[in-house]
Amino acid sequence: MAKQVSWTPNMSKFMLTWLSDLVSSGNRTSTAFKQSQFNACAIALNEHFQLSLNGDQIKNHNRTWKRKLQKIVKLKDLSGALWDEDKSMIVLDHEHYTNHVKAHPEDEQYLNKTIIHYKEMMNIAGGSMATGQYAKDSSDPLATEVVNLEEETTNKPTAPHEEVAQSTNAGSSGPKPKKAKPNPCAEDRLHATILASSERIAIAIEKSSSTQNNAIDGLWESMKVLSGFSLEYLAHYYAYLVDNPRVAMAFKVL
């Protein structure tokens, strides 16, 4: 078993940058690194910091950062959360931020502040974050270096609703393939988001003067044709612009 290592911020930055550059160069052919690549990273880190780490310790520390990314991806889906790509920041308004941090104080480090090494983490493990199947609950610890996520991915069980395709030559009496059921959780979340946004829109409209109302005339028609955004996000952004008519007016001009 690899010995425990006291990782400094500079050591972590060096490791993440080195692994991220390896991915960008195209030398990693899958979502998992080879042991030889972890060993090579250890050699480079040892030469730079005059240490004696091995590939297993690099591998374990990479898992720790992968768990952090899983938590970040989960927090990006919080109700009312906006993502600032330029600053790598999950943005919550004061009320949402206060309520969430009160219930989950361990998440405070990821909210309304720049997330360090986010781009490197996404470059290293972003592809395996798409489904969020390994995301932990907000109360789970982030620094336990024991789970091999790469091995778990290869042993992923088949989902209950996945059906093996029937041969086109099978008789008509054979069972018909079942259709995948929609995800009720996703639909409920979208419904809740739209309702919350509608309430904010109603309040904002009541408070707006006739001049401010001009800012939102035709705004939704302009927004709903934007490509690359889901209805859930468009509704959220629309509610924000309604709350801020000056910004809405600038958006319409843009």
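The paragraphs below lead through a predicted model of one chain, from its overall make-up to a few individual residues. Residues are numbered from 1 along each chain as its sequence is written, and side-chain values use heavy atoms, with hydrogens and water left out. Because the model is predicted, local features need pLDDT of at least 70 and side-chain atom pairs count only at pLDDT 80 or more, whereas totals for chains, interfaces and linings use all residues.

The chain holds eleven helices and two strands, where helices (H or I, at least four residues) and strands (E, at least two) are DSSP runs numbered from the N terminus. In order from the N terminus, the elements read α-α-α-β-β-α-α-α-α-α-α-α-α. Of the 254 residues, 31% count as buried, meaning under 20% relative accessible area, with exposed over 50% and partly exposed in between (1.4 Å probe, protein chains only).

Confidence is given as pLDDT, the predictor's value for each residue from 0 to 100; its mean over the chain is 75, and 63% of the residues reach 70 or more. Strand β2 (residues 89–91) has the highest confidence, at 97, and helix α6 (residues 149–154) the lowest, at a mean of 40. Over residues 130–173 pLDDT stays under 50. Where pLDDT is low, the predicted coordinates should not be read in detail.

Ile 124 lies in helix α5 (residues 118–125) and counts as buried because its relative accessibility is 5%. Beyond its neighbours within four places in sequence, Ile 124 is in contact with Leu 16, Leu 19, Ser 20, Val 23, Arg 28, Phe 33 and Asn 62, contact meaning heavy atoms within 4.5 Å. Asn 62 is 62 residues away from Ile 124 in sequence, and their C-alpha atoms are 9.1 Å apart.

Rings of Phe, Tyr and Trp (its six-membered ring) pair if their centres lie within 6.5 Å, and planes under 30 degrees apart count as stacked, over 60 as edge-to-face and the rest as tilted. By this rule there are three aromatic pairs. The centres of the Phe 14 and Phe 49 rings are 5.7 Å apart and their planes stand at 80 degrees, so this pair is edge-to-face. The pair links distant parts of the chain, with Phe 14 in helix α1 (residues 9–24) and Phe 49 in helix α2 (residues 35–49), 35 residues apart. Phe 14 is partly exposed, at a relative accessible area of 21%, and Phe 49 is also partly exposed, at 26%.
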